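Please look at the sequence and the structure before reading on.

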Amino acid sequence: MSRIGKKPIDIPAGVKISVDGGTVTVEGKSRLSMQLPPHVSVEIKDNVVTVEQVGDARTAGAMHGLARSLINNMVIGVSTGFRKELAIVGVGYKATLAGNKLNLALGYSHPIEFQIPEGIKITVTPENKIVVEGCDKQLVGETAAQIRRFRPPEPYKGKGIRYVDERIVLKEGKKVG
């Protein structure tokens, strides 16, 4: 039995969860749904969701914890949401928003246009920070990672796109003399 899977999930006010067959739907500020993994059942009682392991298959414990984590992330997403902050470091590097596209100037010979996925809200601050927000944790993280991949931080000067809380260890340059 999974230690994480045993923990109950409290349903905050304004969030509604329904289970239909093998599909769990969570509604709040937005609506998320997912298919339950095998060897797992979900029960809702008194504003508390419990995930139960069905059977003693080898992967049942892993699926138990996975299902509980995914449902918990959906509940957090529709109630408060998720956010990732990226910082652009480098002279002349900048980002601008144009409709549902993020335009990046990152020192290449051409500008980069990034199509913002549906369900994601991106804001650009004057301090060259990009804030990615949304209710789906996986989509927010993947979108931030795709933006970071356009120019990852380089190890000598630290120029590029990095997460705000990321620490870049700079290498020492070439010795002259």
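Helix H3 (residues 137-149) lies across strand E7 (82-89), E11, E12 and E13, and runs at about 5° to E7. Axes are lines fitted to C-alpha atoms, for helices over the stretch in contact, and angles run from 0 to 180 degrees between N-to-C directions. Helices (H or I, at least four residues) and strands (E, at least two) are DSSP runs, numbered from the N terminus.

The model is predicted: local features need pLDDT of at least 70, side-chain atom pairs count only at pLDDT 80 or more, and totals for chains, interfaces and linings use all residues. Residues are numbered from 1 along each chain as its sequence is written, and side-chain values use heavy atoms, with hydrogens and water left out.

**The sheet**
- Four strands form an open sheet in the order E11-E12-E7-E13, with antiparallel pairing; two strands pair if DSSP finds at least two bridges between them.
- Strand E11 (120-125) and strand E13 (160-163) each have a single partner strand, so one side of each is left without a neighbour in the sheet.
- On average, neighbouring strands of this sheet are turned by 25° against each other, direction ignored.

**E11 and E12**
- Six bridges join E11 to strand E12 (residues 129-134) in the antiparallel sense.
- Ile120 stands opposite Gly134 in E12.

**Ala60**
- Ala60 lies in helix H2 (residues 60-79).
- Ala60 has a relative accessible area of 0% and is therefore buried (under 20% relative accessible area, 1.4 Å probe, protein chains only; exposed is over 50%, partly exposed in between).
- Leaving aside neighbours within four places in sequence, Ala60 is in contact with His39, Gln53, Val54 and Gly55, where contact means heavy atoms within 4.5 Å.
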